[in-house]
Amino acid sequence: MKRYFLTIIFALFLILLSSADTKAAPLKIKYNNIVKNYKGKQVICRVDNKKINMQYTKGVLINGTVMVSYKDVIKSGLGISCKYTKSNGSLVIKGNGKKITLKLNNKKAKVNGKSKTLKQGPTKVKYIKKKKTKILIPLRFVVTNLGYTYNYNKTNGEVNLTSPFVITYNSSEHIYKKYKGNVVYNDVSVDLKQMPLLNIGGCSMVPAEQLIVNSMGLSYSFNSDNGQIVIDANGHSLIMNLGQTTAMVDNSLSVQLKNAPLIIKRNDTEYSCVMIPVSSVMNALGYYYRWDSLTYTGYIYKTNYLNWPAISNQFDNSIYSNGLYSITANYDITTKNMIFSITLANPIPAESVVFTNDENNKLLQLTLPNTRNLLAEGGGLIQADINTHNITSVMSIENNLQTSISFLYSPSVNYYFSVSGNTINVYFSKDIKADYAISIPLPDGVLYSSLLSEDEYYNNSFTINIPGDLTAFYTTNYVSVNSELITSYNVEYNSGTNYTDISFSTNSFVGYKLFDTGESVSIKVGKPSIIYDKIVILDAGHGGKDPGAIKNKTNESDLNYTILYTLARKYFNAPDSPVKAYWTRTDDTFITLEDRAAFASKMNAHMFVSLHMNSANSSSAKGTEIYYSNNNNKPNQKGLTSYKLATMLIDSIVPAIGTNTRGVKSANYYVINHNTVPAVLIELGFLSNSTDFKIITNPDKQNKAAKAIYDAVVKAFSM
């Protein structure tokens, strides 16, 4: 029994001893000729979640800086070249395209020759108990300059390092910090597991063989002796050379590449390959290339999909009046249409061409009367593989002296045709109709009427707001853009509003208009004077250093802004609004009277409405009054005058918010007197009157005032 008891006691002792050891007993270390009992955190390191062996000489904090042995962590743990010269205390660390020079007990360092200042310089530390002396270096400074991600946990004293993506080309190592992209060819993702799309020198580079051979099925060769690359596609040969930005097509046409082809190696896997500038190569070979900056994906489509020539150009004129010579299919980059050109021997009247659409069988058929099919004996089936527009096959059959051309397609595709001489063109558009600049697909259950939009014309951008979190939906249902005016777009969910915001950046000041096109919303983009035929300028009076009248710490400028901008926006910016509104100010900014009045001319507007609040010495003065200028009261092309506009507004506002009417009055206020369009100034109510004050500060009444202004403006435009 006694022996059993002693065994338990000994076991408890071992547990306590182990527990004490895990808490890390104080270290006795010596540096700067001083012996110290170090009681701070004893730092350990991990790289890519793997622990670095430094158990005998853990890192310490000196002057708040994590210091570790360069031999244990940098040289052994990370595999980075380190050379220490004892005679002068110099330490040179080379790796990942960086050269870091440190010096013992010196706070000056160099990175690739550039001087840097350290909080704590390298220090020689003796671990007395372990009888080891190590050169400790400032870990964060060194590893971040080598491209590693550094994360220090102050609670447990653990540093986690994440290795950089390092590549080698042109005999130099480079820390790659940009995106790793993807490539999609004809709606199928290219396998880039071994080497992703990389941005080198501002140009997208892709693995040549993986894309050209494995995904596109084209002929490709690389001569490692002279660095020559040859790609054959669409009957043409593109010849490039490593390190050269000039290429040749068919040994005759010179092509300028955005970047020279390179051999690039991944340092982590040792995988290397020839990489080519994808946009330059695809354009030179006759393919369409589009870059999506939102998903970092390059999309490649064929431009020539089908070339089905005749096997004979002879037919019996006594039986047939025409012959089918060829069918070609080309992708039009500008309109994003797939165009089938059907060439006949002789001109054909447009009225004799018959189209039938069998939606149940997803079949569109074109019938040509008295036409001999010369494409193949008895007809034939051609797999066009036009997945970009959901057209899977084209078939031509002759029967009863007429030839039928059938397209197997998806009913969601838009199509139309034209006839010119002996050519019939059939146009298919999956993503976007040629009339529109943008097409945004809408998921089931989202109504066009629920959309909102925000015109940030002052920043050359606009945003379409769609209810719900649709970020996942738009990763597979792409927004289509067909306009050089649009430079980029971004999809982002706003949890505060519960709307998905699709923002478009433009290269200039433009107008836009939304259209309900069934399963999508389509948008026209262009000069405002072309896009809109009804433009109103809304001027929220005062702002910035000019608060206007003040009552009970309420500024007139804030009331004007709330009603005419914050609240009226949802009416004027609604997708079904027939009127386009621009605001003289969209925040609490001071705008001069001259700039306010001139804004109507600048925006090619058709009317101008300014909102103010009144104030008087007598608290009994109350009600709504609207001003116009006799100097600016000539009728516009539709017969609208400033006086008529003022009358319509007061007739709409007063019954909506319940103020007294003080009528329409004439005055020479600057913004209405110096305007070029029918212009009015609304004095909605008196801040100095308690009854009016309650009305104009009541949120419900403010919203009704905004709606009443909108209704009156719409009515004025309908004259």
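The model is predicted, so local features need pLDDT of at least 70 and side-chain atom pairs count only at pLDDT 80 or more, while totals for chains, interfaces and linings use all residues. Residues are numbered from 1 along each chain as its sequence is written, and side-chain values use heavy atoms, with hydrogens and water left out.

**Exercise 1.** Find which residues of the largest nonpolar core touch the most other members.

*Solution.* A nonpolar core is a set of buried Ala, Val, Leu, Ile, Met, Phe, Trp, Tyr and Cys residues joined through side-chain atoms within 4.5 Å, where buried means under 20% relative accessible area with a 1.4 Å probe, protein chains only. Of the 88 residues in the largest such core, Ile-440 and Phe-504 touch the most other members. Helix α14 (residues 699-717) gives this core its largest share, nine residues. Apart from it lies another core of 44 residues, including Val-206 and Leu-211.

**Exercise 2.** Determine how the buried residues of helix α10 (residues 593-602) are arranged around its axis.

*Solution.* The buried residues are Arg-596, Ala-597, Phe-599 and Ala-600. Seen down the axis of α10, they fall within an arc of 140°, so they line one face of the helix; the arc is that of the directions from the helix axis to the C-beta atoms. Just after α10, Asn-604 takes a positive phi of about 55°.

Technical notes. Buried < 20%, exposed > 50% of the residue type's maximum accessible area, 1.4 Å probe, protein only. Helix = DSSP H or I, 4+ residues; strand = E, 2+ residues; numbered from the N terminus.
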